Amino acid sequence: MTLPLLEATGLTRHYLMRRGLFGRPVEVRAVNGVSLALERGRTLGLVGESGCGKSTTGRLVLGLERPDAGGVAFEGQPMPPPGTPAWRALRARMQMVFQDPLGALDRRMSIGAQIAEPLEIHRIGDRPERVAQLLRDVGLRPDQAGRYPHELSGGQRQRAVLARALATEPALLVCDEPISALDVSIQAQVMNLLVELQARLSTAILFVSHDLRAVRQVSHRVAVMYLGRIVEEGEPDAVLHDPAHPYAQALVSAIPHPGRRQRRVLLQGDPPNPADRPSGCAFHPRCPAALPLCAQEDPVLKPRPGDGRRVACHVAQGDLPARKAA
Ligand SMILES: Nc1ncnc2c1ncn2[C@@H]1O[C@H](COP(=O)(O)OP(=O)(O)OP(=O)(O)O)[C@@H](O)[C@H]1O
């Protein structure tokens, strides 16, 4: 078996938050034992509601934050401690693309200068020619190098951000909601560009999004997160067409399919709160299929025999006969 480019094991990150000036600190369990693997040239889509821990997982994967527990291996080697020369060398091979291209770019610098910056930092020569090539790679013109961010459209700015991220020829891109700030008409262009660049450069992509359609379009595997955990992981056709976890079923049922009759799974109960994680399976208070066991025992994410996906659910794993919780 070939080694995955990236392997994260048991990533955990909790924050202490104080409510109000004199409030007692509460523990926000943002990421709670996330394990995932990503191969070269492949895309893993990470989906789930706002606040489920997707962005924190992306930052942990890149070493932008230290995990409280767990770790990341890149090409089979544990990630060096942040800030060390070994970490900086590795960071050049991993880049992040954020949601808001205007926020990611420096308004006072031309985009050519911003694309050249990582080339300077990592001492990559022949900069003007390389900048021109990177602009061409992302569908911009070399003569746009002198433009400032405000002189470009939203889609062009995200292309410029991608050009800068690709300057060091990264093996891994973490794209955090890369299209959600763009007009719908531009979203498809940027998605197509990502797919095309990946085919050409064999970049692995961790694609963080709440947009299931976008995730289906680009991903080779999909992981669904709920309250800091992956609850289901597998091929997009399985997870997004025939989800096994009741939470994934509810998420998928909310995607509109024009012209098709749909049964929407409406979730009951309070929205998830990472500062107040229910015992047992964190989803059980809202789960239409919960069993008594679900309130007591946290299900482990494990392969489901025969269908190549991992699911963390007592019911989907067939741990007990389906009897409703009292
Ligand atoms: N630096 C921080 N300090 C305190 N709490 C944080 C911090 N970063 C994230 N959180 C909390 O951790 C939880 C997970 O946040 P995260 O941004 O990873 O979720 P997300 O799934 O990416 O959500 P969104 O799609 O809204 O960005 C949230 O409750 C968030 O408020």
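Two strands pair if DSSP finds at least two bridges between them. In this model, T12 stands opposite A69 in β4. This is a predicted model, in which local features need pLDDT of at least 70 and side-chain atom pairs count only at pLDDT 80 or more, while totals for chains, interfaces and linings use all residues. Residues are numbered from 1 along each chain as its sequence is written.

**The chain as a whole**

- The chain has 10 helices and 12 strands; helices (H or I, at least four residues) and strands (E, at least two) are DSSP runs, numbered from the N terminus.
- A compact globule of 326 residues would have a radius of gyration near 20 Å, and the 21 Å of this chain agrees with that. The radius is taken over C-alpha atoms, and the globule rule is 2.2 Å times the number of residues to the power 0.38.
- Along its principal axes, the C-alpha trace spans about 70 × 50 × 50 Å.
- Of the 326 residues in the chain, 41% are buried. A residue is buried if 20 or more other C-beta atoms lie within 10 Å of its own, exposed if 12 or fewer, and partly exposed in between, with C-beta atoms placed from the backbone.
- Among contacts between residues at least 6 apart in sequence, 65% join residues at least 24 apart. Two residues are in contact if their C-beta atoms, placed from the backbone, lie within 7 Å.
- The UniProt record, an unreviewed entry, lists residues 16–252 for "domain: ABC transporter"; UniProt positions are given in the numbering used here, feature names are shortened, and annotations may be inferred rather than shown by experiment.
- Over residues 16–252 the chain is 39% helix and 24% strand, with the end C-alpha atoms 32 Å apart.

**The four-stranded sheet**

- Four strands form an open sheet in the order β2-β1-β4-β5, and the pairing is antiparallel.
- β2 and β5 (77–78) are at the edges with a single partner strand each, so one side of each has no neighbour in the sheet.
- Five bridges join β1 to strand β4 (residues 69–74) in the antiparallel sense.

**The shell around the ligand**

- Among the 14 residues around the ligand, Y15, A30, S50, S55 and T56 come nearest. A residue is near a molecule or strand if its C-beta atom, placed from the backbone, lies within 6 Å of it.
- Two or more shell residues come from each of β1 (6–18), β2 (25–38) and α1 (54–62).
- α1 gives the most to this shell, with three residues.
- By class, the shell has six nonpolar, seven polar and one charged residues. Ala, Val, Leu, Ile, Met, Phe, Trp, Tyr, Cys and Pro count as nonpolar, Asp, Glu, Lys and Arg as charged, and the others, Gly among them, as polar.

**The eight-stranded sheet**

- Another open sheet has eight strands in the order β6-β7-β8-β3-β9-β10-β12-β11, with mixed pairing.
- Its edge strands are β6 and β11 (302–303), each of which pairs on one side only.
- β6 runs parallel to strand β7 (residues 172–176), and four bridges join the two. Within this pair, Q95 stands opposite L173 in β7.
- β11 pairs with strand β12 (residues 310–311) in the antiparallel sense over two bridges, and K302 has V311 in β12 as its bridge partner.

**M94 and strand β6**

- M94 lies in strand β6 (residues 94–97).
- M94 is buried because 24 other C-beta atoms lie within 10 Å.
- M94 and M96 point one way from β6, Q95 and V97 point the other way, and all are buried.
- Leaving aside neighbours within four places in sequence, M94 is in contact with L62, P170 and L172.
- From M94 to P292 the separation is 198 residues in sequence and 44 Å in space, C-alpha to C-alpha.

**Two helices**

- In helix α4 (residues 111–121), the buried residues include I111, G112, Q114, I115 and A116.
- α5 (127–137) and α6 (154–166) are among the elements that cover the buried residues of α4.
- R123 follows α4 and has a positive phi, near 50°.
- Helix α10 (residues 246–253) is mostly covered, with six of its eight residues buried: P246, Y247, A248, Q249, A250 and L251.
- The cover over the buried residues of α10 includes α8 (212–218), β9 (221–226), β10 (229–234) and α9 (236–241).
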